[in-house]
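User: Hi! I'm new to this structure and would like a friendly tour. Could you walk me through it?

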Amino acid sequence: MRAVVAVIGKDTVGILAKVSTICAECNANVMDVTQTIMQDLFAMTMLIDITNCSEEYNVLADRLKVCGDEMGLQIHVMHEDIFNSMHTI
Amino acid sequence: MFNSKDILETIKMIQEENLDIRTITMGISLLDCIDSDIDRSCDKIYEKMMRVAEHHVETGEIIEKRYGIPIINKRLSVTPISMLAAAAKGDPVKFARTLQRVAEGIGVNYIGGYSALVQKGFAAGDLELINSIPQALAETSNVCSSVNVGSTRAGINMDAVALMGKIIKDSAEATKDNHCFGAAKIVVFCNAVEDNPFMAGAFHGVGEADCVLNVGVSGPGVVRSALSKMPDASIDQVADVIKKTAFKITRMGQLVGTEASKMLGVPFGIVDLSLAPTPAVGDSVAHILEEIGLESCGAHGTTAALALLNDAVKKGGVMASSHVGGLSGAFIPVSEDAGMIDAVNCGSLSIEKLEAMTAVCSVGLDMIAVPGDTSADTISAIIADEAAIGMVNSKTTAVRVIPAIGMKEGDTIEFGGLFGSGPVMKLSSFSSSKFISRGGRIPAPLQSLKN
C-alpha cells in the first residue's frame with residue numbers, strides 16, 4: 001500500500017529532513033520526492049510505501065500533521081488510490 | 001510517481017473549494033420486518049437496522065481518514081414505512097419513534113423512508129401513514145418523510161396532492177416553535193427514484209437488494225473555481241470543463257462507495273451525480289450560473305445555463321462511475337445555497353423562475369420558505385405544477401416548501417447547519433382552491449406527438 005504525503009507552506013530549513021525522519025521512525029519507505037515552489041509557497045509531494053509501516057495509518061497521518069502544525073505547514077497524507085482514480089482513466 | 005500538479009489540485013479542491021462526499025447512505029429493506037403486530041414489527045426493525053448498520057458510521061470515518069476526503073453525512077434509508085403500516089394495524093408514529101431510536105443508536109444524522117407511494121391511489125396503510133406525518137416529524141428529529149404523488153406512467157393523484165398541501169401546513173404548524181422544521185423533512189415527489197441517497201427524499205425501493213450502499217457527491221465550489229479560470233471561453237469550452245470536473249468528483253465518489261461497500265460487506269449501489277450546494281461560501285450552484293455569465297441567478301438565460309450545467313455534469317459523471325443513479329443533477333435548494341438566497345433577496349429570483357429551472361435540472365422546488373398564511377390549497381397547487389413538469393418530461397421533480405408560520409414575504413427563517421436560512425418568497429395571491437378541491441387523477445400523458 002502506498003500513500004502520498006503533500007507538504008504545503010512557507011519554505012524553511014529542514015522540512016524534508018523532519019518529514020522523512022518521521023517516515024523512517026514508522027518504517028515507511030520513501031519512494032519518490034518532488035519539490036516545487038508555487039509563487040511563494042513551497043510544495044513537496046512524497047510517495048511512501050506503508051506496506052511494512054510499524055504504525056497504524058492513522059497514527060502516521062496524525063504524527064505528520066502535528067509535525068506540520070509545529071512548522072506552520074499543511075501536511076496531508078492520502079492513500080494513493082484517490083489520485084489514481086481522480087486523475088487517470 | 002504522480003504529477004504533483006494533480007496532487008495539489010486534489011488538495012486544493014478539498015481544502016479550499018469544499019469538495020466532499022455529501023453522503024453515504026445505506027439502504028436497508030424492512031420487508032422482512034413486516035408483522036401484523038405493530039410492536040413486534042418495531043422490534044424487528046430495531047434489531048435488523050442496528051445489526052446491519054452497526055459499522056456504517058465508523059467505516060465512513062475510516063475512509064475519511066484514509067483518503068483525506070470529508071464525508072459529511074452518514075445516513076440510512078428504509079423500505080417505505082407505509083408497507084409495514086399496511087400489515088400492522090395501529091399508530092404508524094410508533095415506526096417513526098423506532099427509526100429515531102435507531103438513528104440515535106447508530107449515530108446517523110437522518111433516516112429516510114417514512115414514506116408512501118400513492119401515484120395511482122391509496123393502498124392499505126398509505127392514508128394512515130400520510131396522516132401521521134405531521135406528528136411523526138414533530139416528535140422525531142432525525143426521521144425524514146416523502147410521498148410520491150405522480151409518475152409519467154400513472155399520472156398525478158390529485159387527491160394525494162390535495163392532502164399533501166394540508167400535511168405540509170400541519171407539519172409546519174406542529175413545529176412552529178422549532179423553525180417550522182417539520183416541513184423541511186418532507187418531500188413530495190413525482191417519479192420518485194428508489195436509490196436516492198439524499199435527504200429528505202431517500203427511501204429504499206422495493207426493487208432494491210436487501211441492503212445496498214449509495215453515495216452522493218458534491219462539489220459546486222470545484223466547478224465554479226474551474227470556470228473562473230476561463231473567463232473568455234466559449235460555451236463549448238465551458239461545457240467541456242464542467243464535464244472534466246464532474247468526472248473527477250464522481251471518480252472520488254465511486255472510490256469511496258466501492259471501498260465502503262468492501263469494508264461493510266454490503267453491495268455497492270450507485271453514485272448520485274449531484275451538485276449539492278451548502279450555505280458555505282463558495283459552495284453554491286447559483287454562483288456557477290453567475291460564473292457562466294449571468295449578473296445574478298434568476299436573470300433571463302438562467303434556465304439555459306442550468307440546462308447546460310446539468311447535462312455536462314451527467315455526461316462527465318457517467319463515465320466515471322460503474323453505476324449512476326439517484327437524482328443525479330444540479331440541486332437548486334434556496335435556503336441551502338448562499339447565491340440563491342442573495343438572488344432572492346436582491347429580487348432577481350422568483351418562484352416562477354425557480355419552477356422553470358426545475359424543468360431542466362434535478363430536482364424541484366427545494367427548501368423554499370413561503371408565507372405562513374399560505375393556504376393548504378395553494379401549497380397543493382404548487383405541488384401539482386411541479387408534479388406536472390416531472391410527469392410530462394419523464395423526470396423526477398419534488399416539492400419541499402416550508403410555510404414559515406407567523407412570517408410574511410421578505411422575512412427570513414433560520415434553519416441552521418446544512419439547511420441554512422430561507423427568505424420567505426412571494427407567491428401568487430390568486431386562489432387555486434376550486435382546481436384542488438375537484439380531486440381525482442390527472443391521466444398519464446401521451447408519450448408521442450412531443451411538442
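User: Let's start with E2(B) and strand E3 of chain B: how many bridges join them, and do they run parallel or antiparallel?

Analyst: E2(B) is joined to strand E3 (residues 110-117) of chain B by 3 bridges, and the two run parallel. Helices (H or I, at least four residues) and strands (E, at least two) are DSSP runs, numbered from the N terminus. Two strands pair if DSSP finds at least two bridges between them. One facing pair here is B:Leu76 opposite B:Ile111 in E3(B).

User: Before we go on, what kind of model is this, and how is it labelled?

Analyst: This is a predicted model, where local features need pLDDT of at least 70 and side-chain atom pairs count only at pLDDT 80 or more, while totals for chains, interfaces and linings use all residues. Residues are numbered from 1 along each chain as its sequence is written, and chains are lettered from A and ligands numbered from 1 in the order in which they are written.

User: Thanks! Which strand is joined to E2(B) by 7 bridges?

Analyst: That is strand E1 (residues 21-28) of chain B, and E1 runs parallel to E2(B). Here B:Ile24 stands opposite B:Lys74 in E2(B).

User: Is E2(B) mostly covered or mostly open?

Analyst: Strand E2 (residues 71-78) of chain B is mostly covered, with 6 of its 8 residues buried. A residue is buried if 20 or more other C-beta atoms, placed from the backbone, lie within 10 Å of its own, exposed if 12 or fewer, and partly exposed in between.

User: And how much of chain B counts as buried?

Analyst: Of its 451 residues, 60% count as buried. Chain B has 15 helices and 14 strands, and its C-alpha trace spans about 60 × 55 × 50 Å along the principal axes.

User: Helices next. At what angle do H10 and H11 of chain B pack?

Analyst: Helix H10 (residues 285-292) and helix H11 (residues 302-320) of chain B pack at about 105 degrees, with their axes 10 Å apart. That makes H10(B) roughly perpendicular to H11(B); angles of 65 to 115 degrees count as roughly perpendicular, under 35 as roughly parallel, over 145 as roughly antiparallel and the rest as oblique. Axes are lines fitted to C-alpha atoms, for helices over the stretch in contact, and angles run from 0 to 180 degrees between N-to-C directions.

User: Which residues make that contact?

Analyst: B:Ile288, B:Leu289 and B:Ile292 come from H10(B), and B:Thr302, B:Ala305, B:Leu306 and B:Leu309 from H11(B). Residues are in contact if their C-beta atoms, placed from the backbone, lie within 7 Å.

User: Now chain A. In what order do the strands of its open sheet come?

Analyst: The 4 strands of chain A follow the order E2-E3-E1-E4, with antiparallel pairing. E2 and E4 of chain A stand at the edges with a single partner strand each, so one side of each has no neighbour in the sheet. E1(A) and E3(A) are joined by 9 bridges.

User: How many residues does each chain bring to the contact between them?

Analyst: Chain A brings 20 residues and chain B 18. H3(A) gives the most to the side of chain A that touches chain B, with 6 residues.

Definitions and conventions: Contact = placed C-beta atoms within 7 Å.
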